[in-house]
Amino acid sequence: MRRWWWVNHTPMARREIAGGYLWSPRTERGGARSPFYDNMRRAGPGDLIVSYTAGRLRHVGRVLDYALAAIEPDGDREGWWLPVRWTPLEPSVSPREVIAALGPLMPGRYAPIDPATGLGRQKAYLTEIGEAAFEVAVAPGRFDRAALERDQAPALEPPPAVRDLDAALEQAIVADPALSATQKAQLVIARRGQGVFRDNVRALEPACRVTGVANPWLLIASHIKPWRACATAAERLDGANGLLLTPHVDLLFDRGFISFEAEGTVLVSPRLAAADLARLGLRGLGARGVRPFAGRQTGYLEWHRRWVFLS
């Protein structure tokens with residue numbers, strides 16, 4: 001079901017608009033949860049976002065995928081990377097000009113602007129506003145709705161913004177003078193589940209946990225804590241940070257549609273339709289169990305359940 005959002009864009013707005021994404025930390029700097037940052041995980045493919053920057057609504061975006069765990073661009077904070085296709089709103093719109101109609105439609109809690117004055121609220125970031133508020137906000141301007149609706153991300157590929165993020169991380173690894181040429185090569189191919197990383201995973205995981213398939217040609221070495229979210233080279237190559245999965249199970253796990261408890265319970269996201277699960281040959285997956293996990297795998301799985309799984 002489509003949702004409508006408002007983002008109070010940061011000084012990084014120009015970069016995020018050009019790059020086709022939103023990024024936020026997962027928590028406040030002190031570690032406290034933020035409803036505005038939690039909303040990054042509530043947003044889903046097809047949702048519409050209006051961007052408020054420097055006192056005006058200047059762009060409209062369409063969410064292309066669920067938010068991915070990723071390190072801050074050119075930084076070290078862990079956060080959410082939400083792929084978005086942006087298009088200009090022309091002319092831009094000042095909320096103050098339409099506040100008489102817009103104010104009463106603002107959410108009761110966590111409103112991104114003052115419902116009386118139309119001025120932006122400093123700590124607000126991504127807020128759900130509803131369709132009526134969205135349409136009132138963008139009505140004085142124009143944007144290419146057809147282009148947004150046409151822009152579908154390929155189901156089996158990450159959106160371009162995510163591929164660009166991965167490429168930038170690879171370039172940073174290649175440019176790191178602290179790593180040897182061999183280390184750089186192994187870290188780069190680990191992103192695709194190859195090389196030393198795959199060997200390390202196979203030493204712990206002989207078959208797909210869900211399907212039981214053991215033929216190595218039919219299995220993908222998948223990171224539990226995603227490659228792009230790993231903070232160190234050791235995490236990217238750690239065999240305990242991986243599972244061998246058949247391609248369809250790998251896709252579900254990578255996108256957060258399934259996860260695992262340490263004792264082997266399979267968790268299925270409420271965002272995954274039971275009918276689609278059945279069509280994949282995985283009917284009743286949530287009632288199944290797999291063999292228990294052990295050692296360092298449990299810590300990585302806890303991370304996956306908290307930050308990747310679409311609960």
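**View 1. Strand 2 pairs with strand 6.** Strand 2 (residues 21-25) and strand 6 (residues 78-93) run antiparallel and are joined by 5 bridges. Strands are DSSP runs (E, at least two residues), helices likewise (H or I, at least four), numbered from the N terminus. Pairing requires at least two DSSP bridges between two strands. S24 faces W80 of strand 6. The model is predicted: local features need pLDDT of at least 70, side-chain atom pairs count only at pLDDT 80 or more, and totals for chains, interfaces and linings use all residues. Numbering starts from 1 along each chain as its sequence is written, and side-chain values use heavy atoms, without hydrogens and water.

**View 2. Both faces of strand 2 are covered.**

View 3. A pocket is an open set of points on a 1 Å grid over the protein atoms alone, with protein on both sides within 12 Å along at least five of seven lines; lining residues have an atom within 4 Å of a point. Volume is the space filled by probe spheres set on the points, which are joined across faces, edges and corners. The lining of this pocket has 25 residues, with T10, P11, P25, Y37 and Y125 nearest the centre. Helix 1 (13-19), strand 2 and strand 3 (48-53) each give two or more residues. Strand 2 gives the most, with 3.

**View 4. F253 and F260 touch the most other members of the largest nonpolar core.** This core has 34 residues. A nonpolar core is a set of buried Ala, Val, Leu, Ile, Met, Phe, Trp, Tyr and Cys residues joined through side-chain atoms within 4.5 Å. A second, separate core of 23 residues includes V7, L22, W86 and A124. Beyond four places in sequence, F260 is in contact (heavy atoms within 4.5 Å) with residues including L243, F253, V290 and R305.

**View 5. The largest cavity holds about 100 Å³ of space.** A cavity is a set of grid points where a 1.4 Å probe fits but cannot get out. Among its 13 lining residues, A67, L68, A69, D254 and V308 are closest to the centre.

**View 6. The second largest cavity holds about 40 Å³ of space.** S222, H223, I224, P226, F253, D254, H304 and V308 line this cavity. Strand 8 (220-223) and helix 10 each give two or more residues to the lining.

Conventions: Buried < 20%, exposed > 50% of the residue type's maximum accessible area, 1.4 Å probe, protein only.
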